[in-house]
Amino acid sequence: MGEAKEITASDGLTDEIFDEHDSQRDKYVTFKSGDEYFGLKIQYVNEIIVFQEITKIPESEDYVKGLINLRGKIIPVIDVRLRFGQEPFEYNDRTCIIVINVKSVVVGLVVEKIAEVVEIPERDILPSPTIGKVDKAQNHYVYAMGKVGDKVKLLLDPDKLLNEGDLAALEQAKERGEGEE
């Protein structure tokens, strides 16, 4: 597998993400998936890397893309669009992997593109609406909406992105992948 290339400080994201912990309280990494913009609390984000080669895992869910080797660590990767039940997209030079920590498991999330790091104060966070929730799979993972200027970002609960079965399967796949190293 290829070496991971980190997004550099010149990209404007790394410094913002990895500043002091206190200043991260209301910060979110936002990214595009389909026609929507989503936000992840920055406390879950370990790093953001450019897309790299993924080793497929046989007999896994379609949204589980496989494993990457990130500086010697094997990390399972899921495709956010497929997890949300959206149409697949072709990976390109804007495609990134957000490396997050969910329930003590490090997982990569393939996203179309990183939008920005934004601050969303508690007063600008509203509960997610219940109307129309049945027809959109992504709404199962959204816990709130964040107002950013005149736009709305759907805020994700990373703990819901992966259920216990997913976590167990990813851990097993990761162990198999590390055994092949």
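Modeller: Let's start at a turn: β6 and β7 make a hairpin with two residues between them, and lysine 103 in that turn has a positive phi of about 50°. Strands here are DSSP E runs of at least two residues, helices are H or I runs of at least four, and both are numbered from the N terminus.

Biologist: Before we go on, where do the numbers come from?
Modeller: This is a predicted model, so local features need pLDDT of at least 70 and side-chain atom pairs count only at pLDDT 80 or more, while totals for chains, interfaces and linings use all residues. Residues are numbered from 1 along each chain as its sequence is written, and side-chain values use heavy atoms, with hydrogens and water left out.

Biologist: Fine. How many bridges hold β6 and β7 together?
Modeller: Seven, in the antiparallel sense, with β7 covering residues 105-111. Asparagine 101 has valine 106 in β7 as its bridge partner. For strands to count as paired, DSSP has to find at least two bridges between them.

Biologist: Why call β6 enclosed?
Modeller: Because six of the seven residues in β6 (96-102) are buried. Buried means under 20% relative accessible area, exposed means over 50%, and partly exposed is in between, using a 1.4 Å probe and protein chains only.

Biologist: And β4, how many of its residues are buried?
Modeller: Seven of seven, for residues 64-70. β4 runs antiparallel to β5 (residues 73-79), joined by six bridges, and leucine 70 stands opposite lysine 73. Those strands form a hairpin as well, with two residues between them.

Biologist: What's the backbone doing at arginine 71?
Modeller: Its phi is near 50°, positive although the residue isn't glycine. Arginine 71 counts as partly exposed, at 47% relative accessibility. Glutamate 59 also has a positive phi, near 55°; it lies in the loop between β3 (45-50) and β4 and is exposed at 87%.

Biologist: Switching topic: what's the strand order in the open sheet?
Modeller: β8-β1-β2-β11-β10-β9, six strands with mixed pairing. β8 (113-119) and β9 (125-127) are the edges, each pairing on one side only. On average, neighbouring strands are turned by 35° against each other, direction ignored. The angles use lines fitted to C-alpha atoms (for helices, over the stretch in contact) and run from 0 to 180 degrees between N-to-C directions.

Biologist: Which way do β2 and β11 pair, parallel or antiparallel?
Modeller: Parallel, over two bridges, between residues 36-41 and 151-156. Phenylalanine 38 has leucine 154 in β11 as its bridge partner.

Biologist: Which residues touch the most others in the largest nonpolar core?
Modeller: Val29, Phe31, Ile98, Ile100, Leu109, Ile114 and Leu156, out of 33 members. A separate second core of ten residues includes Ile68, Phe89, Val99 and Val110. Such a core is a set of buried Ala, Val, Leu, Ile, Met, Phe, Trp, Tyr and Cys residues joined through side-chain atoms within 4.5 Å.

Biologist: What does isoleucine 100 contact?
Modeller: Leaving aside neighbours within four places in sequence, its contacts include Leu40, Tyr44, Val107, Leu109 and Pro158. Contact means heavy atoms within 4.5 Å.

Biologist: And overall, how many helices and strands?
Modeller: Four helices and eleven strands. Of the 181 residues, 49% are buried.
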